[in-house]
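Please look over the sequence and the structure shown here before reading on.

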Amino acid sequence: MDHRPMAWGRPRDDVYGAYDASYVRPNDPTQHTQQPIVTGTSVLAIKFKEGVVIAADNLASYGSLARFTDVKRLRTFAGTSVVGFGGDVSDMQYINRHLTDLTLSENYSSPDEPRLSAANLHRYLSKLMYKRRSKFDPLWNHILVAGLDDEGAPFLAATDLLGTTYSAPSLATGYGSMLAQPIMRRHAPDEESAAQLSQEAAIEVIRESMKVLFYRDARSMDRYSIAVITKDGVDLKEDEQLEGQSWAFADRIKGYGTQTV
Amino acid sequence: MAAMFSQNPLMNGAHYATTDAPKTNDYREHRFYPYTDNGGTTLAISGADFTVMAGDTRHTSGYSINSRTEPKLFKIGGTTADQHDATIVLSVCGFAADGNALRDQLDTICKIYRYRHGKAMSANACAKRLSTILYGKRFFPYYVHAMLGGIDEEGKGVVYSYDPVGSYERETCRAGGAGGSLIMPFLDNQVNFKNQYAPGSGVGHDLQERERRPLLLDEVETLVKDAFDGAAERHIEVGDSLQMFILTKDGIEEKILPLKKD
Amino acid sequence: MFRNNYDNDSVTFSPQGRIFQIEYAAEAVKQGSVVVGIASKTHVVLCAIKRNAEELSSYQKKLFTVDEHVGLAIAGLTSDARVLSNFMKHQCLGHRLTYGRAMPVSSLVDLIGEKAQTNTQMYGKRPYGVGLLVAGVDEKGTHLFEFQPSGMTEEMVAFAIGARSQMARTYLERNLDKFENASREELIQHGLKALKESLVQDKELTVENTSVGVAGAQTEGKKGIEPFKLYDGFDVQEWIESVADGPGAGDEAEGEGMDVDN
């Protein structure tokens, strides 16, 4: 007779044969995300006089493989904010579902108008990210939230897989923080200069920065999404093509890989 | 694969969310590291009837500057969300997400205290409570160097400084964070007059220490600015702007001064 | 008195479709001293009569500050009210922590409505023996809600609950059209006049027995809301004097108002 606890309540092996353990939940330790698998690269955003421009390309990579080429990494929230995701795509989709639930319950409790501003949404997301990192089960993303704050002023802030938050006139995640952020900071070094920037200028800065990223970031693509958020709402374009590319500079790049001359 | 989605491929170790720690030649353990260091420096000096709390506003990840305007100083325990009538200031330096969580927790506790007792929490009660909060996470600490500034029940300025797990002490001055070790010796000399002797008092055991006296507010403000200019010069994680809170019995005054942005 | 077979618990209907325990709980509300609430476009006011059990005792608290944007007035069991008030306080703090904003007043009232309703549908539970007037401001402006032990909640322009509150309600109904555009001071005066209507013959409003609470919505050109604030003691003296008996102090309502109390 098997008296061990794991055999309790199970049919006896000597009568019924060995128990098929595949029917019970395995006793293994629960597993958490330890690394991102399918990933999106940079998200860029910059504030201007009346709002915020945000962009991300439509690529989801599997390691160095350009796996999915039509993945939308910007999502609108309540018609007043946009969330941009870098990092793990499945975690992005999880947060997406979560935000849809949040919209639903918010619409139920106040149906007539959206009440969660971008500032409120950013706070909520950062608490979510921080809670998950504290459970050692992080959502492997770097997120930008763009929109307007409770006073109607342009709002732009980031949160990452650790729950770290920060806000600046221009923000970029991933490689964008090294390649695009210097370009954007030249146009909007501080809040005052961002408040002078026109919408057209801001869009142009973002498009140029996306182009630089496409030139230099191997995990990027030339089809991208761009959204402009003002008090009039969100103007989201999800299938933009990088215009005016010039690869003339590529000839002059030397000193990498096997090329020695 | 994680390196694809990195803050900065040059950085590794504590600045980076994942650590690749080779255990043996056969295995590589790859695990999530829940902390990071967001840099910056904080400084607090207490006077006879005032306290000055200061911090830079640079927020970093590795070699990148995330923001030039992210505060490390927070007013605590006011009646409203804008903290216009707060009397206590908390400064946190280190892992910014933990710092924000700590600030939220302490402020909530102060609000509940006010609701239950109908009065604001005193600085020393708040200081003790902060220690308990930090120790409450002894085995998964808030990775921050916290400081609390206020005015005590006798009207004197107070500064309490903490280690990440809640050991705390009332001090006349303390510098913390990335530039803490650069500023602290300067404060020893300029605030507590360490290694300053009366001129002509002799050598060796004959040396007379310079007599200690509490500093005046404008002297302290100058010291703070000098200390941060020095730290910004020599430490890459310090700079952009200096945020200063001056706490007196009349309330809290805020000053923002420019620092080096390079 | 006849024996009622259907009032032993709060989960059994009588053949007439009534739940007596809930109706009894509603009676407890009528035992409490009167409270009045009025909302204008810009402000919302709560006024209450405090009672003391005997000459030597203190006055029972009638108004509570829940959060900076919400306050409530109670009629009925104070201890039950404190449970609800604590619950609301924590909900508001939690909401501020997760969303960084003031909790919408209607969501808050829905929560206590649900909480009270479950008590009426579970064996062994007792309905709350208290009625509330919840006053608050949020981004949609001013709000006044009534809450009953049954779990019913309803938004009101002006309302009164508690002992002899019918007199106050009559006053409010008669002056209904004046509230929407009333100023802060006018609104408080209407509230106090309504209170006076409910007083028994020889009682008067005094600085000891009157409480006033006011909150103001965010208006054009003003940053932020006027937080809910309680006024007791000498802070209410001027308002009491301004509605002291004399010409115009609710005299229109007097003729018929007397008949209502029977």
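## A helix and its surroundings

Just after H1(B), Gly118(B) takes a positive phi of about 70 degrees. This is a predicted model, in which local features need pLDDT of at least 70 and side-chain atom pairs count only at pLDDT 80 or more, while totals for chains, interfaces and linings use all residues. Residues are numbered from 1 along each chain as its sequence is written, chains are lettered from A and ligands numbered from 1 in the order in which they are written, and side-chain values use heavy atoms, with hydrogens and water left out.

H1(B) is mostly covered, with 16 of its 22 residues buried, where buried means under 20% relative accessible area, exposed over 50%, and partly exposed in between (1.4 Å probe, protein chains only).

Chain B as a whole holds four helices and 14 strands, and 53% of its 262 residues are buried. Its accessible surface comes to about 12400 Å², of which 51% belongs to carbon and sulfur atoms; such areas come from the Shrake-Rupley method with a 1.4 Å probe, and for residues only the protein chains shown count as cover. Among the contacts of chain B (heavy atoms within 4.5 Å) between residues at least 6 apart in sequence, 58% join residues at least 24 apart.

## Nonpolar cores

A nonpolar core is a set of buried Ala, Val, Leu, Ile, Met, Phe, Trp, Tyr and Cys residues joined through side-chain atoms within 4.5 Å. The largest such core has 33 residues, and those with the most contacts inside it are Leu102(B), Leu130(B) and Leu148(B). Among the elements of chain B that give two or more residues to this core are H1, helix H2 (123-136) and strand E9 (144-151). Leaving aside residues up to four places away in sequence, Leu102(B) touches Val92(B), Leu130(B), Ile133(B), Leu134(B), Tyr142(B), Val144(B) and Ala146(B). A second, separate core of 28 residues includes Ile38(C), Ala168(C), Ala182(C) and Val212(C).

In chain A, Met129(A) is found in helix H3 (residues 118-134) and counts as buried at 0% relative accessibility. Its C-alpha lies 7.6 Å from that of Thr159(A), although Met129(A) and Thr159(A) are 30 residues apart in sequence. Thr159(A) is also one of the residues that Met129(A) touches, including Ile95(A), Leu139(A) and Leu161(A), when residues up to four places away in sequence are not counted.

## Aromatic rings and charges

Rings of Phe, Tyr and Trp (its six-membered ring) pair if their centres lie within 6.5 Å, and planes under 30 degrees apart count as stacked, over 60 as edge-to-face and the rest as tilted. A search of the whole structure finds 16 aromatic pairs over all chains, and two of them are set out below.

| Pair | Centres apart | Angle of planes | Class |
|---|---|---|---|
| Tyr160(B) and Tyr168(B) | 5.9 Å | 45 degrees | tilted |
| Phe20(C) and Tyr24(C) | 6.2 Å | 40 degrees | tilted |

Tyr160(B) counts as buried at 9% relative accessibility, whereas Tyr168(B), at 30%, counts as partly exposed. Phe20(C) and Tyr24(C) are four residues apart in helix H1 (residues 20-31) of chain C and so are separated by about one helical turn. Phe20(C) is buried, with a relative accessible area of 12%, and Tyr24(C) is partly exposed, with 34%.

Ring pairs also link Phe136(A), Trp140(A), Phe32(B), Tyr33(B), Tyr35(B), Phe95(B), Phe140(B) and Tyr143(B) into a cluster.

A charge sits over a ring if NZ of Lys or CZ of Arg is within 6 Å of the ring centre and within 35 degrees of the ring normal. The charged end of Arg103(B) sits in this way over the ring of Phe74(B), 4.4 Å from its centre, and that of Lys137(B) over the ring of Tyr142(B), 5.1 Å from its centre.
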